[in-house]
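Hi,

Here is the structure I promised to pass on. Have a look at it first, then read my notes below.

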Amino acid sequence: TEQAVAVAGGIIGGTLLFVLIGITAYLLWKKLCHRLSYEKLTSPVKTTNANGIFQDPSTFEIQPNCPSRSGSIPFIIPPTLHGRDWINLTSEERVQEESDPCPVPHSGPRSSFHSLAGAYVVGTINPELYKFPEDKSETDFPEGNIGRLWFSIEYEQESERLLVSLIKVRKLQPPDDSCSPFVKIYLLPDERSYLQSKIKRKTLNPQFDENFVFQVSSKALFQRTLKFLVYHVDKQKKHHLLGQVIFPLKNETLTDDNKLVIWRDLEKENLEPPSEYGDIQFSLSYNDYLGRLTVVVLRARGIKLQEESPGGVYVKVSLMNHNKFIKSKKTAAVLGSPNPVYNETFSFKADQAELDTASLSLSVLQSTKGEKTHLLGRVVVGPFMYARGKELEHWNEMISKPKELVKRWHALCHST
């Protein structure tokens with residue numbers, strides 16, 4: 001009996017030992033297979049044609065006489081997508097050619113795409129194209145610039161308050177060596193009241209960081225225009241106007257959570273007295289490639305309003321050819337101001353051959369009761385056939401400077 005027990009115990013022990021050895025061998029074999037598969041996956045693939053990007057490691061040494069390369073990033077198609085319809089690369093588009101004496105070294109950690117055997121390049125990405133553009137508003141000033149003003153605006157719907165923050169002014173051009181500037185802020189058409197900043201002593205680049213509040217209803221807001229006047233105080237405490245910024249609110253999206261930060265170049269104020277019927281300022285531009293004539297109606301001043309006509313004032317722009325009407329467009333109406341601001345752009349189709357016979361008529365009109373309108377003034381610009389003086393000069397300058405906006409003031413006349 002003892003002998004039988006011993007034999008049974010030996011058989012059971014042997015069996016357990018055999019099973020343990022088998023399990024150990026299986027685990028070692030599985031681990032070895034995983035290692036071989038990983039090494040095969042991560043090893044570089046040798047290629048012998050121009051379509052591959054993975055070169056033998058021995059070729060990664062940079063030749064001493066090779067020019068430096070830009071840091072472009074290969075855009076790679078993984079093997080799983082090789083069956084798709086991709087446009088074949090031409091020899092000029094390939095990243096590396098067999099004849100390339102300067103292969104790109106693959107230093108540092110590999111990307112997941114680089115570790116996929118059989119992947120190939122369809123192009124490169126230039127990182128320079130995806131950088132945020134630098135803010136050059138404080139460094140790039142055009143020739144003849146007389147200063148630049150920064151401000152922000154925000155509108156509170158519930159309290160009906162327009163919040164204006166005067167931030168700073170840069171590169172002022174005062175008449176004297178020293179400059180002590182300050183700013184007056186108007187909300188047109190009201191030109192009798194204004195808000196004023198503090199005076200900054202002896203600086204051409206004043207930093208204001210001051211906040212101002214205008215009470216204005218949401219209905220009237222988009223009929224209003226902000227006007228900034230920048231002054232210099234001299235030693236005799238006299239005020240000298242250095243420049244102005246006119247900013248209409250009608251095209252802006254003003255909400256409680258939308259604070260707009262804006263900069264504008266200062267403009268010289270037209271100090272000449274208005275003409276008998278007022279003046280209008282607009283820009284002209286002609287694009288000879290597109291055959292488009294562009295008119296930007298900026299503002300008017302000194303308009304003689306009809307008191308019996310409470311309607312708004314607008315500008316009608318008409319294109320004529322051989323004194324024949326072609327097309328007209330008009331601005332939005334501005335209520336109750338003899339100095340309306342528009343800043344509206346209109347474009348007309350006009351072939352270059354037609355410029356010798358075409359003309360533009362700009363009429364300032366005021367709405368009356370019913371559908372009638374009252375003509376407040378008019379100006380015509382065009383070639384010698386239709387215009388003289390400043391109007392002819394403006395037209396000729398537009399033609400001589402294609403694709404540029406040419407801005408001028410013109411006196412209105414009352415002739416029809």
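This is a predicted model: local features need pLDDT of at least 70, side-chain atom pairs count only at pLDDT 80 or more; totals for chains, interfaces and linings use all residues.

Residues are numbered from 1 along each chain as its sequence is written, and side-chain values use heavy atoms, with hydrogens and water left out.

Salt bridges first. The structure has 10 of them, a salt bridge being a side-chain nitrogen of Lys or Arg within 4 Å of a carboxyl oxygen of Asp or Glu. One pairs Glu191 with Lys227 at 3.7 Å, N to O. That pair connects distant parts of the chain, 36 residues apart: Glu191 sits in strand β6 (residues 190-196) and Lys227 in strand β8 (residues 225-233). Strands here are DSSP E runs of at least two residues, helices are H or I runs of at least four, and both are numbered from the N terminus. Lys227 is buried at 10% relative accessibility, whereas Glu191 is partly exposed at 36% (buried is under 20% relative accessible area, exposed over 50%, partly exposed in between, with a 1.4 Å probe and protein chains only).

Another salt bridge joins Arg408 to Glu397, with the closest N and O atoms 3.1 Å apart. Arg408 is in strand β18 and Glu397 in helix α3 (residues 389-400), so this pair ties together parts 11 residues apart in sequence. Shared partners link Glu393, Glu397, Lys401 and Arg408 into one salt-bridge network.

Now back to Lys227, which is also one of the contacts of Lys184 (heavy atoms within 4.5 Å), leaving aside neighbours within four places in sequence. Others include Tyr194, Phe228 and Tyr231. Lys184 belongs to strand β5 (residues 181-188) and is buried, at 13% relative accessible area.

The largest pocket has a volume of about 920 Å³. Of its 32 lining residues, Glu267, Gln281, Leu298, Arg299 and Lys407 are the closest to the centre. For the cut-offs: on a 1 Å grid over the protein atoms alone, a pocket is an open set of points where a 1.4 Å probe fits, with protein on both sides within 12 Å along at least five of seven lines, and lining residues have an atom within 4 Å of a point. The volume is the space filled by probe spheres set on the points, which are joined across faces, edges and corners.

Cheers
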